[in-house]
Amino acid sequence: MTTRRNFLNDLGVLASVMATPALWPALALAQEKLPRRGIPGTNDSLPVIGLGNSNAFRQGDVPASTALIKLFHERGGAYIDCMGSSRFIVSEAASKLNIGNELFLGTYFMNDEEDVMRENIQRLLEITGKKRLDLVQAYPEFAVSNWQMFRRWKDDGLTRYIGIARHRSSYYETMLKLMETGTVDFLQVNYSPLETEADQQILPMAMDKGVAVTINRPFINGDYFSRVRGHELPDWAADFDCGSWAQFSLKFILSHPAVNCVLTETANPDHALDNIGAGFGRLPDEDTRQRIVKHLQSL
Ligand SMILES: NC(=O)c1ccc[n+]([C@@H]2O[C@H](COP(=O)([O-])OP(=O)(O)OC[C@H]3O[C@@H](n4cnc5c(N)ncnc54)[C@H](OP(=O)(O)O)[C@@H]3O)[C@@H](O)[C@H]2O)c1
């Protein structure tokens with residue numbers, strides 16, 4: 001029963017949370033599911049924060065993977081990027097949690113033998129209970145010579161979407177050429193306040209061609225944290241509801257209009273919650289985005 005004292009205590013907690021901008025995302029997190037953004041040309045959508053190919057998946061740690069996926073799913077997360085044996089670990093965890101159909105798996109197929117790849121697709125469908133895979137993707141160099149095969153898989157109903165995924169500007173030229181064909185559904189590319197090259201050509205073309213975009217390397221595989229370590233988050237980060245250095249990068253990325261979802265890699269549940277928190281609240285405007293880049297360059 002809520003007594004007057006409890007109610008006043010609750011109000012006190014709420015007041016102190018409201019007075020601490022860093023806690024606002026946590027407040028939203030306790031109540032809401034991650035916001036979603038539409039996949040161009042469809043009625044489908046994706047939550048704005050995704051999970052990368054976590055060490056928990058790579059090491060085949062099913063209990064840790066299951067706990068991470070449960071936490072992520074409970075807060076509205078869906079996209080998980082997974083390749084090799086990780087995709088089977090993720091699928092088994094999803095099946096255990098009975099959420100195989102609710103997750104959106106971005107899986108990679110880059111084995112030369114089509115028969116082997118088709119067998120793996122069937123295995124994933126059986127484990128997850130999905131009728132079709134969500135997203136089959138490949139590195140651009142493999143995609144160039146195998147794109148007709150991927151298109152056939154889509155036509156055959158093995159996957160809903162096909163895409164290309166890589167993490168360096170040296171791949172952009174091939175990615176641009178593939179997107180020119182108008183048949184790429186998803187582009188995954190590196191982008192963050194310390195790696196902004198994608199906003200020159202590749203992100204504008206994705207918007208122009210109606211390609212959904214996921215972002216990798218939001219923390220430059222951890223190097224970002226070496227850059228900001230020992231520095232205080234600037235006061236003005238509170239103006240866009242940013243409560244941590246991780247959210248400082250993620251909110252910059254999410255404020256680009258081409259972006260559907262950022263893939264964050266972690267095996268640490270506290271870090272996963274921090275990252276999910278970036279999906280809530282305000283985002284930086286154009287002036288603030290430039291201020292974020294300059295600020296990081298100055299550290
Ligand atoms: N297709 C491709 O060519 C390609 C290439 C690169 C990446 N990717 C995809 O993109 C995903 C992400 O990119 P990435 O591998 O470069 O990793 P990332 O997400 O940029 O960085 C991961 C690092 O950041 C740390 N971290 C994560 N959240 C944190 C937080 N809130 N606070 C402090 N530290 C935090 C992690 O450590 P902890 O584990 O301790 O949290 C880990 O060391 C990958 O998992 C993969 O799925 C694809």
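## Basis of the model

The model is predicted: local features need pLDDT of at least 70 and side-chain atom pairs count only at pLDDT 80 or more, while totals for chains, interfaces and linings use all residues. Residues are numbered from 1 along each chain as its sequence is written.

## Overall composition

The secondary structure of the protein comes to 13 helices and ten strands. Helices (H or I, at least four residues) and strands (E, at least two) are DSSP runs, numbered from the N terminus.

Of the 299 residues, 41% count as buried. A residue is buried if 20 or more other C-beta atoms lie within 10 Å of its own, exposed if 12 or fewer, and partly exposed in between, with C-beta atoms placed from the backbone. Among contacts between residues at least 6 apart in sequence, 77% join residues at least 24 apart; two residues are in contact if their C-beta atoms, placed from the backbone, lie within 7 Å.

## The ligand shell

The ligand is surrounded by 25 residues, of which G52, N216, G222, E265 and T266 are the closest.

By residue class, the shell divides into eight nonpolar, twelve polar and five charged residues. Here Ala, Val, Leu, Ile, Met, Phe, Trp, Tyr, Cys and Pro count as nonpolar, Asp, Glu, Lys and Arg as charged, and the others, Gly among them, as polar.

I215 belongs to strand β9 (residues 212–216). I215 counts as buried because 27 C-beta neighbours lie inside 10 Å. The residues that I215 touches, leaving aside those up to four places away in sequence, are V189, Y191, I253, V259, V262 and L263. The C-alpha atoms of I215 and N260 are separated by 8.2 Å, although these residues are 45 apart along the chain.

The loop between β9 and α10 (223–228) holds R217, and I220 lies in that loop as well. Most residues other than glycine have a negative phi. R217, however, has a positive phi near 55°, and the phi of I220 is also positive, at about 50°. R217 is buried, with 23 other C-beta atoms within 10 Å, whereas I220, with 17 such neighbours, counts as partly exposed.

In helix α9 (residues 202–209), I202, L203 and A206 are buried. They cover an arc of only 100° around the axis, so they lie on the same side of α9; the arc is that of the directions from the helix axis to the C-beta atoms. The cover over these buried residues includes α8 (172–180), β8 (186–190) and β9. After α9 comes G210, with a positive phi near 70°.

The axes of α8 and α9 come within 10 Å and cross at roughly 10°. Axes are lines fitted to C-alpha atoms, for helices over the stretch in contact, and angles run from 0 to 180 degrees between N-to-C directions. The two helices are therefore roughly parallel to each other, a term for angles under 35 degrees. Y172, M175, L176 and M179 in α8 meet I202, M205, A206 and K209 in α9. The residues of this contact divide into seven nonpolar, no polar and one charged.

Methods: A residue is near a molecule or strand if its C-beta atom, placed from the backbone, lies within 6 Å of it. Angles under 35 degrees count as roughly parallel, over 145 as roughly antiparallel, 65 to 115 as roughly perpendicular and the rest as oblique.
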